[in-house]
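Student: I would like a close look at a single part of this model. Please pick one spot and take me through its surroundings.

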Amino acid sequence: MACSSSHAKNFDVFVSFRGLDTRNSFTDHLFAALQRKGIFAFRDNQNINKGELLEPELLQAIEGSHVFIVVFSKDYASSTWCLKELRKIFDRVEETGRSVLPIFYDVTPSEVRKQSGKFGKAFAEHEERFKDELEMVKKWREALKAIGNRSGWDVQNK
């Protein structure tokens with residue numbers, strides 16, 4: 001086991017976001033602000049060593065994080081990675097009472113909660129793609145609704 005492996009570390013914050021939507025804009029600014037405040041945040045392109053498997057590293061980083069920030073963006077629900085992270089975050093919050101802070105980036109909280117608009121379209125595709133694993137899709141929906149129901153920041157066109 002490598003000493004620099006992320007599962008050997010704990011993080012103040014784990015940020016779940018759709019890279020294609022926000023990596024080079026909003027989340028870059030968010031990570032910079034967290035770093036300026038001395039907050040140790042997990043970042044997939046910095047805290048996972050080349051050659052390591054992504055999923056176990058991501059799930060272990062969630063396990064070791066104290067606070068979660070979920071940046072819901074227009075294509076967040078189209079990513080099975082994001083939905084797997086979200087479900088793991090939801091489970092950790094339920095088990096430990098840790099905080100989860102949603103940010104609604106160019107989507108409305110209602111779209112997330114009700115899984116309408118692009119979120120609804122994404123779930124229709126997931127239900128078709130994973131028709132033999134509908135329980136998993138149901139759990140993703142449950143996590144999305146629960147976290148989307150929390151008070152957060154509505155960031156529209158900023």
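Tutor: Strands here are DSSP runs of at least two residues, numbered from the N terminus. By that count, Ser16 lies in strand S1, which covers residues 11-17. The model is predicted. Take Ser16 as the spot. Its relative accessible area is 0%. The cut-off for buried is under 20%, so Ser16 is buried.

What does Ser16 touch, leaving aside residues up to four places away in sequence? The list is Ile69, Val70, Val71, Tyr76, Cys82, Glu85 and Ile89. With Tyr76, Ser16 also makes a polar contact. That contact joins the two side chains at 2.7 Å.

For a contrast, turn to another serine. Ser151 sits in the loop between H8 and strand S5 (153-155). Ser151 has a relative accessible area of 71%. Exposed means over 50%, so Ser151 is exposed.

H8 leads on to a helix pair. Helix H7 (residues 117-129) packs against helix H8 (residues 134-148) at about 160°, and their axes lie 10 Å apart. Because of that angle, H7 is roughly antiparallel to H8. The crossing of H7 with H8 is right-handed. From H7 come Phe119, Phe123, His126 and Glu127. They meet Leu134, Val137, Trp140, Arg141 and Leu144 of H8. The residues in this contact comprise six nonpolar, one polar and two charged.

Notes: Residues numbered from 1 in each chain as written. Predicted model: local features only at pLDDT ≥ 70, side-chain atom pairs only at ≥ 80, totals over all residues. Heavy atoms only, no water. Helix = DSSP H or I, 4+ residues; strand = E, 2+ residues; numbered from the N terminus. Buried < 20%, exposed > 50% of the residue type's maximum accessible area, 1.4 Å probe, protein only. Polar contact = N/O pair within 3.5 Å; in protein donor to acceptor, adjacent residues only side chain to side chain. Contact = heavy atoms within 4.5 Å. Axes fitted to C-alpha atoms, helices over the stretch in contact; angles between N-to-C directions. Parallel < 35°, antiparallel > 145°, perpendicular 65-115°, else oblique. Left-handed = near helix turned anticlockwise from the far one by under 90°. Nonpolar A, V, L, I, M, F, W, Y, C, P; charged D, E, K, R; others polar.
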